[in-house]
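This report goes through one protein chain section by section. The sequence and structure come first, and the notes follow.

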Amino acid sequence: MIGEQIASFRKQKGLTQEQLGDMLGVSNRTVSKWEAGASLPGADMIPDIAAALGVSLDALFGVQTAPDQENLTDLVRETIRSELTKILPRAVQEAVGHLSGGSTPARRQLTVVCKDGHGVRSINMAGEAFLNGPETYAGVPDRWLVNVKEPEGKTVTVGDYDSREEAEEVLKAIRDAYSGRYAVIEL
């Protein structure tokens, strides 16, 4: 669906695939693949595509009514997750499966990439993730913390969040990534 939207807005703006690709720093073949539905643009590209085409994110996603900010955020998160689900599992699961003899290892490196300023966390996850809160974290009161227990027993805080719901969503994503045997998860 997003590919059709990109093609439609690109044509309305009078741009060729090559011109749009140059604006975004990708090849015209990449733009062609997006428009044909053969691949999806990376989540980090979505705002740049919307800006290059002069449209809002909701227009780019084909949302007809003006959604509230929370619904649009959910839509972007779901797009990111679905893209990761398509790209990561096959290659990562095969690699981890070969290395571990097909069983789930007791300890696995999981890299968590946070888009909200928390940066990149690389942890040795032993399969246990949980949340704490509300508590004061880094001098800020009423934060919900997502924590991961490493095999050595050390607890690592992956992120802190405004609400329990937001923290639970991140916790679920981390647990899903671990049980799905991903090596990297982007939140």
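Predicted model: local features only at pLDDT ≥ 70, side-chain atom pairs only at ≥ 80, totals over all residues.

Strands of a sheet pair through backbone hydrogen bonds, either parallel or antiparallel.

S3 and S4 pair in the antiparallel sense over seven bridges. Phenylalanine 130 has asparagine 147 in S4 as its bridge partner. On the other pairing, six bridges join S4 to S5, and these two strands also run antiparallel. Here lysine 149 has threonine 155 in S5 as its bridge partner. S5, residues 155–161, is mostly covered, with six of its seven residues buried.

## Leucine 131 in strand S3

Leucine 131 is found in strand S3, which spans residues 128–137. Is leucine 131 buried or exposed? Its relative accessible area is 18%, and residues under 20% count as buried, so leucine 131 is buried.

Which residues is leucine 131 in contact with, leaving aside its neighbours within four places in sequence? They are Trp144, Leu145, Arg164, Ala167, Glu168 and Leu171. Two of these contacts, Trp144 and Leu145, have numbers that fall within strand S4 (140–149). A further pair involving leucine 131 can be given as a distance: leucine 131 and aspartate 160 are 29 residues apart in sequence and 9.4 Å apart in space, C-alpha to C-alpha.

Proline 134 is found in strand S3, and the peptide bond from glycine 133 to proline 134 is cis, with omega near -5°.

Alanine 138 is found in the loop between S3 and strand S4 (140–149). Its phi is near 55°, a positive value in a residue other than glycine. Alanine 138 has a relative accessible area of 70%, and over 50% counts as exposed, so alanine 138 is exposed.

Aspartate 142 lies in strand S4 and has a positive phi of about 60° although it is not a glycine. With a relative accessible area of 54%, aspartate 142 is exposed as well, because the cut-off for exposed is over 50%.

Which residues of helix H4 (residues 46–53) are buried? The buried residues of H4 are Ile46, Ile49, Ala50, Ala52 and Leu53. They cover an arc of only 165° around the axis, so they lie on the same side of H4.

Just after H4, glycine 54 takes a positive phi of about 70°.

On the H2 side, the contact is made by Gln17, Glu18, Leu20, Gly21 and Leu24. On the H3 side, Asn28, Val31, Ser32, Trp34 and Glu35 take part.

## The chain as a whole

The protein chain has seven helices and six strands. Read along the sequence, the pattern is α-α-α-α-α-α-β-β-β-β-β-α-β.

Of the 187 residues in the protein chain, 36% are buried. The chain exposes about 10400 Å², and carbon and sulfur atoms supply 50% of that area. Among contacts between residues at least 6 apart in sequence, 48% join residues at least 24 apart.

Technical notes
Residues numbered from 1 in each chain as written. Heavy atoms only, no water. Helix = DSSP H or I, 4+ residues; strand = E, 2+ residues; numbered from the N terminus. Buried < 20%, exposed > 50% of the residue type's maximum accessible area, 1.4 Å probe, protein only. Contact = heavy atoms within 4.5 Å. Areas by Shrake-Rupley, 256 points an atom, 1.4 Å probe, with all protein chains shown as cover. Arc of directions from axis to C-beta. Pairing = 2+ DSSP bridges.
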